[in-house]
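Good morning, and thank you for joining this meeting.

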Amino acid sequence: MLPYFRPYLNEEEVDAAAETIRSGWLCMGPKVIEFEKAFGKYVGCRHAVAVSSCTAALHLSLIAQGVGPGDEVITTPYTFVSTVNVIEHVGAKPVFADIDYETFNIDPEAVRKKVTKKTKAIIPVHFAGQSCAMDGISEIAEDKGVAVIEDAAHAAGTKYKGRRVGSQSHLACFSFYVNKNITTAEGGMITTDNAKLAERLGELRLQGMSRDAWKRYSAKNKWRYDVAEPGWKYNLTDLQASIGLVQLKRIEQVARKRAAIADRYNEAFEGIDGLKTPSEAEPGHCWHLYPLRVRGMARDRFVEKLSEENVGTGVHFIPVHLFSYYRKKYGFSEGRFPIAEKAFGEEVSLPLYAGLSKGDVEYVVGAVRKIMR
Ligand SMILES: Cc1ncc(COP(=O)(O)O)c(C=O)c1O
């Protein structure tokens, strides 16, 4: 079975992890600091705060923005459930705005219609590695005085108007989960240009302590720390960061390989009746996913047929308003966000990762063509 994702790791990561193990310092310390600096430099922002996942990054970002009970947060229903779960975790209300059919991304016009006096933040999600229309979203945020927290789980390396995602916003949250373009097995990063926010996020990720273990044990007589507010246990570890540093060196090479595979899929499927290849609104896609749309047959049947051909696939995403918790709590039902539901009915993510050989890609192309014939 050809899986739809596989992490791209080699002996360099093994050596880096072994070196950290031998150093005797495995938890958050010098490697995390090095990874934060390197990632911040790559993205083009002043501060980067490493955390245990993108979910943790989103959760802490909402807290740092002061979002809480009585507030509303506008986001897309077309995302992984964690984007919305964290809004629930801080006691705020998720308000969905439908997507643009072509890009799968939240539609700024739909966002504008959902803004109320209670709106405190907007969370756009850069689906599959393609940036949202950030000009439109930033304009609304500035007009209405609300924060933008980017869910950049798919967008390490993505550019918008020539600049990397994470370099032009208040807060952006990245994922290094194992299927992402770069991975630390589990992990995440928050980027910001705001020094105060970065400092607070740095404390919130580790119990609210003013001095983490590395700072306490490495500086003379600096063991004392304060806790100004109760934080979480959301830190990254040096073991993970040492893998992340190697992965980050390879991020552009990985992006080129992914783009070449996406180009080949586009070329192979463009003329096939019943399929729709992904639209690129503008250059800068980092191709985390290849979201093909199946319109000539039921998507589920297509997934089954590909599985019979030993090709693994993913489906991104079940719109969040259709999950039972959200249906029950907010009274959502089918038909409420028709564009997201239509996209969900058609989407299938084909295998896309840097370790996919040319032969593998041609095998997938052949299998898709066979099914559509
Ligand atoms: C759009 C989106 N947001 C957030 C997340 C959460 O990322 P993590 O698994 O690092 O918490 C994911 C995970 O895949 C995702 O796809």
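This is a predicted model: local features need pLDDT of at least 70, side-chain atom pairs count only at pLDDT 80 or more; totals for chains, interfaces and linings use all residues.

To describe two packed helices, one gives the angle between their axes and the distance between the axes. Helix 1 covers residues 11-23 and helix 9 covers residues 238-249. The two pack at an angle of about 150 degrees, and their axes are 8 Å apart. Angles over 145 degrees count as roughly antiparallel, and helix 1 and helix 9 are therefore roughly antiparallel to each other. The crossing of helix 1 with helix 9 is right-handed.

Which residues meet in this contact? Helix 1 contributes Glu12, Glu13, Ala16, Ala17, Glu19, Thr20 and Ile21. From helix 9 come Asp238, Leu239, Ser242, Ile243, Leu245 and Val246. By class, the residues of this contact are 7 nonpolar, 2 polar and 4 charged.

I turn now to the ligand. There are 14 residues around the ligand, and Ser53, Cys54, Thr55, Ala153 and Ser175 come nearest. Helix 3 (54-64) and helix 4 (82-89) each supply at least two residues of this shell. The shell divides into 5 nonpolar, 8 polar and 1 charged residues.

Finally, let us consider the chain as a whole. The protein chain has 14 helices and 12 strands. Its radius of gyration is 21 Å, close to the 21 Å that the globule rule gives for 373 residues, so the chain is as compact as a globular protein of that length. Along the principal axes, the C-alpha atoms fill a box of roughly 75 × 55 × 35 Å.

Methods: Residues are numbered from 1 along each chain as its sequence is written. Axes are lines fitted to C-alpha atoms, for helices over the stretch in contact, and angles run from 0 to 180 degrees between N-to-C directions. Helices (H or I, at least four residues) and strands (E, at least two) are DSSP runs, numbered from the N terminus. Angles under 35 degrees count as roughly parallel, over 145 as roughly antiparallel, 65 to 115 as roughly perpendicular and the rest as oblique. A crossing is left-handed if the near helix is turned anticlockwise from the far one by less than a right angle, and right-handed if clockwise. Two residues are in contact if their C-beta atoms, placed from the backbone, lie within 7 Å. Ala, Val, Leu, Ile, Met, Phe, Trp, Tyr, Cys and Pro count as nonpolar, Asp, Glu, Lys and Arg as charged, and the others, Gly among them, as polar. A residue is near a molecule or strand if its C-beta atom, placed from the backbone, lies within 6 Å of it. The radius of gyration is taken over C-alpha atoms; the globule rule is 2.2 Å times the number of residues to the power 0.38.
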